[in-house]
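Welcome! Here is a friendly tour of a protein model for someone meeting it for the first time. Take a look at the sequence and structure below, and then let us walk through them together.

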Amino acid sequence: MSNTVTRIRLAVVTAAAGVLVLAGCSSSDSSGESSAASCEPSKGKVTLQYWNTVNGMDKVVDLWNRDHPDIQVESKNISNDQYGAIGNALKAGKAPDLAQVGYDQLPTLRSQDAFVDASACKTAAGTESKFVPWTWSQAGFGGEGVYALPQDTGPMAMYVRTDIFKKYDVPIPTTWDEYTTAAEKLHKANPKLTMTFFDPNNAEWFNGLLWQNNANMYSYSDDKWHVTVDSDKSKRVAEYWQKLIDDKLVRTDLANGSTQMFAAYQNDQMATQLGAAWGYTGIRDNLPDQAGKWSIVPMPTWGAGGNSGDWGGSTVAFMKGGKHLYEAAEFNTWLNTDPAALALANEVGGLYPASTDGLKLPALTKGVPYYNNEKIFDVFAESSKKVDTDFSWGPTQKTVNLALQDAMAKAVAGDGKLTGALAAAQASALKSMDDLAIPATAGK
């Protein structure tokens, strides 16, 4: 079975299962059929609100506004508190027309009746063939409707300071065993140097590491969810990072994307970063004088030819309360399928498109000057092919992520272990589903 076909089959099954258990809280009618909203053009000039977390997205919006005087868009960056801002706006009845929502958060927000079905908007509904199949299925809950359009994905790779490895004559690791060995050698050669950092307040990143090891957190069968957040495969990942932390080979005092994180890299205190495709601009823009010192290589694996992980990736969702669905569909479709929009979003914000045509952009086939003119997107394309398509998100993922983060923060502070954090997240998953009357059981 091809990778694409596998993605279609598994994504549809997973998304449809999530919709079934959430149907009572959704915008579906009593028969389970989606109730699409009306999609008629507004009269006169329209101004849309679009909330997102992408650096430079205002420049992409400017490109649209220049050519569409009657449908203007105002971009608001909510990266400081993305889901808090969206949640508060929904409660106040002041949600934007469109908002950036990660794939993992779609089920949670759907259960809160946060979205509008834009199936009646032909422009948006007709774009299914333009996206990588698994992204379309997750955005539409397995064909239940058009609640969001896919924007980007986050195949992971390893960002490497090649000059540091050369200075200390340490080979760049290709497996996790080699990664530990390299970390030990670098730290021994320079006690101020660590391999990377472990951010305990970033569950999404840690989920990507679990994903890489085929540590599926959920499955759905026999009309109920099976929760396996603390499976043996998950524990293997947790125990690995616990040892790196205990041996002081990685730092635990840095948040991803923070000023302090970039300062540590600037001062040659860390040698690698495990990141996603969308992160290439962060290093480029915040560490300009290190051009030519960074390369991007495949993630270390749990064995020769092993899988890769995915961290992040988002959709642009049609939010409940928007008054201009037709215009929102027009802009959303342009934003995520137009070559000029996709190219600029990649250039300024690092987005790795979910659009199939976007993956063929000239910018994604050329060498990137900052990274030694290496074709870094070839690495991410190969990573994407090795992402386990069995992996799925639960209907209370946000709650589970918060529980995981809280317990990981305690663990790195010396109160418990990372395996205990997995147990706490498992318990949170089961309790939060039970609170919503969603059938669930601990899996094996």
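In which loop does Leu193 lie? Leu193 sits in the loop between helix H8 (176–189) and strand S5 (196–197). Helices (H or I, at least four residues) and strands (E, at least two) are DSSP runs, numbered from the N terminus.

Before going further, a word on what you are looking at. This is a predicted model, in which local features need pLDDT of at least 70 and side-chain atom pairs count only at pLDDT 80 or more, while totals for chains, interfaces and linings use all residues. Residues are numbered from 1 along each chain as its sequence is written, and side-chain values use heavy atoms, with hydrogens and water left out.

**Confidence**

The mean pLDDT (the predictor's confidence in each residue, from 0 to 100) of the protein is 90, and 92% of its residues reach 70 or more. Residues 1–34 are another matter: pLDDT stays under 50 there, and the model has 59 contacts beyond four places in sequence for this stretch. A contact here means heavy atoms within 4.5 Å. Where pLDDT is low, the predicted coordinates should not be read in detail.

**The overall picture**

The secondary structure of the protein comes to 17 helices and 13 strands. Its radius of gyration is 22 Å, close to the 22 Å that the globule rule gives for 444 residues, so the protein is as compact as a globular protein of that length. That radius is taken over C-alpha atoms, and the rule is 2.2 Å times the number of residues to the power 0.38. Along the principal axes, the C-alpha trace spans about 70 × 50 × 45 Å.

Of the 444 residues, 54% are buried. Buried means under 20% relative accessible area, exposed over 50%, and partly exposed in between (1.4 Å probe, protein chains only). The protein exposes about 18,500 Å², and carbon and sulfur atoms supply 50% of that area; the areas come from the Shrake-Rupley method with a 1.4 Å probe, and for residues only the protein chains shown count as cover. Among contacts with a separation of 6 or more, 77% are between residues 24 or more positions apart.

**The cores**

Which residues touch the most other members of the largest nonpolar core? In this core of 110 residues, they are Phe115, Phe206, Trp241, Phe318 and Phe331. A second, separate core has 26 residues, including Ile283, Trp294, Leu342 and Leu361. A nonpolar core is a set of buried Ala, Val, Leu, Ile, Met, Phe, Trp, Tyr and Cys residues joined through side-chain atoms within 4.5 Å. Not counting residues up to four places away in sequence, Trp241 touches partners that include Trp176, Tyr179, Trp205, Leu274 and Leu418.

Helix H2 (residues 57–67) has buried residues too: Met57, Val60, Val61, Leu63, Trp64 and Asn65. These pack against strands S1 (46–52), S2 (71–77) and S4 (148–161), and against helices H13 (325–337) and H14 (339–349).

**The disulfide**

How many disulfides does the structure hold? There is one, formed by Cys39 and Cys121 with their sulfur atoms 2.0 Å apart. It links distant parts of the chain: Cys39 is in the loop between helix H1 (3–22) and S1, and Cys121, 82 residues away, is in the loop between helix H4 (106–111) and helix H5 (122–125). A disulfide is a pair of cysteine sulfur atoms within 2.5 Å. The link is right-handed, with 110° about the S-S bond, and both cysteines, Cys39 and Cys121, are buried.

| Residue | Relative accessible area |
|---|---|
| Leu193 | 1% |
| Ser308 | 5% |
| Asn213 | 9% |
| Gln82 | 16% |

Leaving aside neighbours within four places in sequence, Leu193 is in contact with Ile164, Tyr168 and Asp268, among others. Leu193 and Ile164 are 29 residues apart in sequence and 9.6 Å apart in space, C-alpha to C-alpha.

Ser308 is found in the loop between strand S10 (294–297) and strand S11 (310–318). Between Ser308 and Trp211 there are 7.7 Å in space, C-alpha to C-alpha, although they are 97 residues apart in sequence.

Asn213 belongs to the loop between helix H9 (203–212) and strand S6 (218–221). Beyond its neighbours within four places in sequence, Asn213 is in contact with Lys233, Arg236, Val237 and Trp302.

Gln82, finally, lies in helix H3 (residues 82–92). With neighbours within four places in sequence set aside, Gln82 is in contact with Thr53, Gln100 and Val101.
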